[in-house]
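Here is a short report for a first look at a protein. Start with the sequence and the structure below.

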Amino acid sequence: MELNKALNIEDLRAIARKRVPRFVFDYIDGGSEDEIALNANRESFERLRFRPRTLIDVSQRDLGTIILGGQSALPAIVGPLGLLGLSWRNGDLELARAAATAGVPCVLSTVSMYSLEDIAHECDARLWFQCYVFRERAVTEALIRRASMAGYEALIITSDFPVAGKRERDLRSGLLPAAKLTFRTKLDILLHPRWLMTVAMPRPRFINVERALGAGRDAASFLPLNMFDPALDWDDFRRFRDLWQGKLLLKGVLRPDDAARAVDCGADGVILSNHGGRQLDGAISGMDALPNVIREIGGRASILVDGGVRRGSDIAKALACGAEAVILGRAVNYGLAAGGSAGVSRALEILRDEFDRTLALTGCCSSADLSSDLITTV
């Protein structure tokens with residue numbers, strides 16, 4: 001299937017599945033353990049139904065909105081996503097360029113395979129930086145300072161990573177920083193020559209972490225021992241607030257009391273997320289957490305929802321339930337794996353068109369018109 005014939009995100013997923021080796025697709029597509037949390041992210045949207053208004057003049061519609069104090073052409077943010085160089089050569093840059101063209105913010109991951117400085121230099125998107133907190137705090141602080149110097153407007157501290165989730169698809173394929181690929185995976189790579197021609201390397205290289213470590217230190221050896229820090233706590237978050245002068249968000253929030261505490265510690269917003277179903281299996285979804293968080297901190301900070309967005313109608317449901325915007329993960333990564341920047345642009349085009357249609361069909365002329373009375377649960 002050609003990209004321009006993809007009618008929805010599932011079509012892009014099907015193209016990606018054929019184009020990349022199984023270990024890459026499973027990394028993009030999979031979750032932890034039984035993937036209950038992964039599936040819950042979709043189910044939380046599917047349980048919601050619209051109660052549309054009728055006989056409303058919707059001939060003029062405005063899809064733009066304000067996210068974290070800045071203008072966005074759509075109530076959505078691209079990323080953060082790791083190992084994008086396995087989906088397409090210079091995948092992080094391709095993603096950022098597509099986000100810039102679409103007029104939406106883009107989040108760069110700590111484990112990106114393209115320099116954060118080079119992304120900022122080569123792309124004019126609204127850039128945010130997602131930060132994992134390493135055991136070796138000096139490395140984390142160095143990354144934060146670099147993002148600030150490069151002009152990133154927001155910092156996202158990811159809090160739901162004290163230990164690694166059990167991602168069984170990745171464990172079977174050998175996609176681990178210090179592991180060797182299995183013979184079956186190597187054979188699978190050889191059977192995908194088109195993928196080999198459009199990736200930088202068949203093994204991850206963590207450029208930003210390498211630069212933070214300095215000469216003589218290997219990121220692939222550093223990450224397994226340092227990436228997960230069970231000691232991360234609220235005191236650390238306060239220190240990051242003091243270190244970072246821009247907008248600060250906490251990602252991995254699913255409880256209203258944690259959301260309130262984050263705001264009290266100086267967060268400008270929270271991202272309701274179960275890490276795309278890739279950490280604690282059985283965790284509630286961001287959408288399921290949204291109503292209680294809205295009641296707790298609504299109006300005090302930005303509230304973004306992450307996980308399970310596959311349709312433009314999902315964006316509308318999140319906004320109607322009180323979210324400021326959604327984070328796009330797999331939806332745009334399927335596009336990247338299917339066709340690079342053009343695939344990401346196609347994913348965003350599909351979601352934009354579906355969101356526009358949903359506005360019209362629910363009797364709304366703008367994102368601001370989406371309200372809770374439009375939604376019911378089945």
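Among contacts in the protein between residues at least 6 apart in sequence, what percentage join residues at least 24 apart? The share is 74%, where a contact means heavy atoms within 4.5 Å.

## About the model

This is a predicted model, in which local features need pLDDT of at least 70, side-chain atom pairs count only at pLDDT 80 or more, and totals for chains, interfaces and linings use all residues. Residues are numbered from 1 along each chain as its sequence is written, and side-chain values use heavy atoms, with hydrogens and water left out.

## Overall fold

The protein has 16 helices and twelve strands. These are DSSP runs, numbered from the N terminus: helices are H or I with at least four residues, strands are E with at least two. The radius of gyration is 20 Å, close to the 21 Å that the globule rule gives for 378 residues, so the protein is as compact as a globular protein of that length. That radius is taken over C-alpha atoms, and the rule is 2.2 Å times the number of residues to the power 0.38.

The C-alpha atoms fill a box of roughly 65 × 50 × 40 Å along the principal axes. Of the 378 residues, 59% count as buried. Buried means under 20% relative accessible area, exposed over 50%, and partly exposed in between, with a 1.4 Å probe and protein chains only.

## The largest pocket

The largest pocket holds about 890 Å³ of space. Its lining has 42 residues, and the closest to the pocket centre are Tyr27, Tyr132, Arg167, His275 and Arg278. A pocket is an open set of points on a 1 Å grid over the protein atoms alone, with protein on both sides within 12 Å along at least five of seven lines; lining residues have an atom within 4 Å of a point. A volume is the space filled by probe spheres set on the points, which are joined across faces, edges and corners.

Several elements each supply at least two lining residues, including helix H2 (22–29), strand S11 (325–328) and helix H16 (330–361).

## Cysteines

How many disulfides does the structure hold? It holds zero, a disulfide being a pair of cysteine sulfur atoms within 2.5 Å. The sulfur of Cys321 is 13 Å from the closest cysteine sulfur, in Cys364, too far for a bond. Cys365 is in no disulfide either; the nearest cysteine sulfur, that of Cys364, is 7.6 Å away. Cys321 is partly exposed at 25% relative accessibility. Cys365 is partly exposed at 22%.

Notes. On a 1 Å grid over the protein atoms alone, a cavity is a set of points where a 1.4 Å probe fits but cannot get out, and a pocket is an open set with protein on both sides within 12 Å along at least five of seven lines; lining residues have an atom within 4 Å of a point.
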